[in-house]
Amino acid sequence: MVVTEEMVMLRRLFTAIVLVASVAIGLPAQAEPSADVQKLLSTGECYGCNLQGADLSGAHLIGADLRNADLRGANLKEANLEGADLQGADLRQANLKEAFLNSTELNNADLTYANLSNAVLYSAQVEGATLIGANLNGTDIFNTPVGIGGQSPDAPEVQDYELPEDDYYAPEE
């Protein structure tokens with residue numbers, strides 16, 4: 001069999017592809033943290049930063065300025081966000097499992113489908129925050145006005161209204 005130059009090049013290309021694929025599959029990706037992540041971790045200031053999908057698990061972000069930050073899908077598992085300002089932040093589908101949110105500012109933040117399971121939510125500001133589909137299983141909530149069942153915690157109570165007799169069931173005595 002005659003080996004042509006074309007066959008040699010194809011063999012080299014195939015070998016290179018196999019080598020790259022085996023390295024890519026065998027080793028976990030170790031991407032450098034983004035400039036915004038580095039800025040946040042070094043200064044605690046990250047107003048309007050793009051932190052989408054960032055791994056901030058276990059991070060100490062006490063008093064951090066994360067106003068209007070994009071934290072969609074970010075991993076904040078076990079993060080300490082005490083006193084952090086997340087006003088207007090986009091936290092859709094973020095993982096805040098077991099996070100510590102004491103005196104955290106979450107006004108107008110979007111926490112749609114965020115995982116807050118087993119988190120601590122003490123004295124947090126949540127006015128205008130969206131919690132649609134958020135997982136609050138096991139969350140310790142204290143002094144935080146979280147509405148359950150779709151009614152705003154600030155909605156006035158219905159008082160002094162009597163139902164006509166035909167509209168409700170009254171058991172006979």
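Select Ala-89 first: leaving aside residues up to four places away in sequence, this residue touches Leu-66, Asn-68, Ala-69, Leu-71, Ala-109 and Asp-110, where contact means heavy atoms within 4.5 Å. The model is a predicted one, in which local features need pLDDT of at least 70, side-chain atom pairs count only at pLDDT 80 or more, and totals for chains, interfaces and linings use all residues. Residues are numbered from 1 along each chain as its sequence is written, and side-chain values use heavy atoms, with hydrogens and water left out.

Remain at Ala-89, which sits in the loop between helix H2 (35–43) and strand S1 (100–102). Helices (H or I, at least four residues) and strands (E, at least two) are DSSP runs, numbered from the N terminus. Ala-89 counts as buried, at 1% relative accessibility; buried means under 20% relative accessible area, exposed over 50%, and partly exposed in between (1.4 Å probe, protein chains only).

Now display the whole chain as a cartoon. The protein chain has two helices and three strands, and from the N terminus on the elements run α-α-β-β-β. Of its 173 residues, 29% count as buried. Among contacts with a separation of 6 or more, 1% are between residues 24 or more positions apart.

Next, select Cys-46 and Cys-49. These two residues form a disulfide with their sulfur atoms 2.0 Å apart, the criterion being a pair of cysteine sulfur atoms within 2.5 Å. A search of the whole structure finds one disulfide. The link of Cys-46 and Cys-49 is left-handed, with -105° about the S-S bond. Are the two cysteines, Cys-46 and Cys-49, buried or exposed? Cys-46 is buried, with a relative accessible area of 0%, and Cys-49 is buried, with a value of 5%.

Proceed to the aromatic side chains. How many aromatic pairs does the count give? The count comes to one aromatic pair; rings of Phe, Tyr and Trp (its six-membered ring) pair if their centres lie within 6.5 Å, and planes under 30 degrees apart count as stacked, over 60 as edge-to-face and the rest as tilted. Select Tyr-122 and Phe-142: their ring centres are 6.0 Å apart and their planes stand at 80°, so the pair is edge-to-face. Because Tyr-122 lies in strand S2 (residues 120–122) and Phe-142 in strand S3 (residues 140–142), the pair ties together parts that are 20 residues apart in sequence. Tyr-122 counts as partly exposed at 26% relative accessibility, whereas Phe-142 counts as exposed at 55%.

Move on to Val-146, in the segment after S3. Not counting residues up to four places away in sequence, Val-146 touches Leu-121, Leu-131, Leu-136 and Ile-141. Val-146 and Leu-131 are 15 residues apart in sequence and 8.9 Å apart in space, C-alpha to C-alpha.

Finally, select Leu-106, Leu-111, Leu-116, Leu-121, Val-126 and Leu-131, which line the largest cavity. On a 1 Å grid over the protein atoms alone, a cavity is a set of points where a 1.4 Å probe fits but cannot get out, and lining residues have an atom within 4 Å of a point. The count comes to one cavity of 30 Å³ or more. About 40 Å³ of space lies in the largest cavity, a volume being the space filled by probe spheres set on the grid points, which are joined across faces, edges and corners. Its lining divides into six nonpolar residues, no polar and no charged.

Notes. On a 1 Å grid over the protein atoms alone, a cavity is a set of points where a 1.4 Å probe fits but cannot get out, and a pocket is an open set with protein on both sides within 12 Å along at least five of seven lines; lining residues have an atom within 4 Å of a point. Ala, Val, Leu, Ile, Met, Phe, Trp, Tyr, Cys and Pro count as nonpolar, Asp, Glu, Lys and Arg as charged, and the others, Gly among them, as polar.
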